[in-house]
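Hello,

Here is the structure I promised to pass on to you. Please open it alongside this note, and the findings follow below.

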Amino acid sequence: MTTFDETLSEAESRRLEGRWDDALFLLDGALETARALGPHEHGRALVALARTLVDRATFGGKPDDARADAVFAELESLAETSGETSILAAALDLRGRILHARFLADRSAGEPEGELALFERGLELRDPGDTRGIAESLFHVGLVHQVVRGD
């Protein structure tokens, strides 16, 4: 029997290989277990799901805006009710990333409203020990300045 952590790890591997639909299948199956395990695991599963949707939209040209918006809303609600700022920080970064993916798909619309603010707020909420999260937030702030604004 596969554990929850093993399922998340396998989904992450498939996401990184560009096998987004396979990763989504695994994560969809893990969500019910994640909810039962509590807010932290539920948040981890939702973050993994959001990352996969963002990667599929960014690199695979398969945006699923309605699903991404629903996942972000669930993440933000979970962060609010649980008080876990790490979940909210990740949700803000990922919401900014989906705006960035939409920008890359259609640059004619100009800079996405609120994209930079999402990344900056996510950075503010990061725990000082969360070096990966801090690096991600800083990278995305840099993307806005370089790719979107051409600074």
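Helix H7 has 18 residues and should span 26 Å at 1.5 Å a residue; its end C-alpha atoms are 25 Å apart, which agrees. The expected span of a helix here is 1.5 Å times one less than its number of residues. Helices (H or I, at least four residues) and strands (E, at least two) are DSSP runs, numbered from the N terminus.

Before going on, a word on the source: this is a predicted model, in which local features need pLDDT of at least 70 and side-chain atom pairs count only at pLDDT 80 or more, while totals for chains, interfaces and linings use all residues. Residues are numbered from 1 along each chain as its sequence is written, and side-chain values use heavy atoms, with hydrogens and water left out. The mean pLDDT (the predictor's confidence in each residue, from 0 to 100) of the protein is 90, and 99% of its residues reach 70 or more.

Buried means under 20% relative accessible area, exposed over 50%, and partly exposed in between (1.4 Å probe, protein chains only).

Glu-136 is worth a look of its own. This residue of H7 counts as buried because its relative accessibility is 16%. Beyond its neighbours within four places in sequence, Glu-136 is in contact (heavy atoms within 4.5 Å) with Arg-51 and Asp-93.

What follows the helix? Just after H7, Gly-150 takes a positive phi of about 65°. Asp-151 lies in the segment after H7 (131–148), and it counts as exposed because its relative accessibility is 63%. Leaving aside its neighbours within four places in sequence, Asp-151 is in contact with His-145 and Gln-146.

Just after H3, Gly-61 takes a positive phi of about 65°.

Now for the pockets. On a 1 Å grid over the protein atoms alone, a pocket is an open set of points where a 1.4 Å probe fits, with protein on both sides within 12 Å along at least five of seven lines; lining residues have an atom within 4 Å of a point. Grid points are joined across faces, edges and corners, and a volume is the space filled by probe spheres set on the points.

The largest pocket has a volume of about 420 Å³. It is lined by 20 residues, of which Arg-44, Val-47, Arg-51, Ala-90 and Arg-132 are the closest to its centre. Helix H1 (4–16), H3, helix H5 (85–105) and H7 each give two or more residues to this lining, and H3 gives the most, with seven. By class, the lining has seven nonpolar, five polar and eight charged residues. Ala, Val, Leu, Ile, Met, Phe, Trp, Tyr, Cys and Pro count as nonpolar, Asp, Glu, Lys and Arg as charged, and the others, Gly among them, as polar.

The second largest pocket has a volume of about 250 Å³. Of its 14 lining residues, Phe-59, Arg-97, Phe-139, His-140 and Leu-143 are the closest to its centre. The largest share of this lining, six residues, comes from H7.

Best wishes
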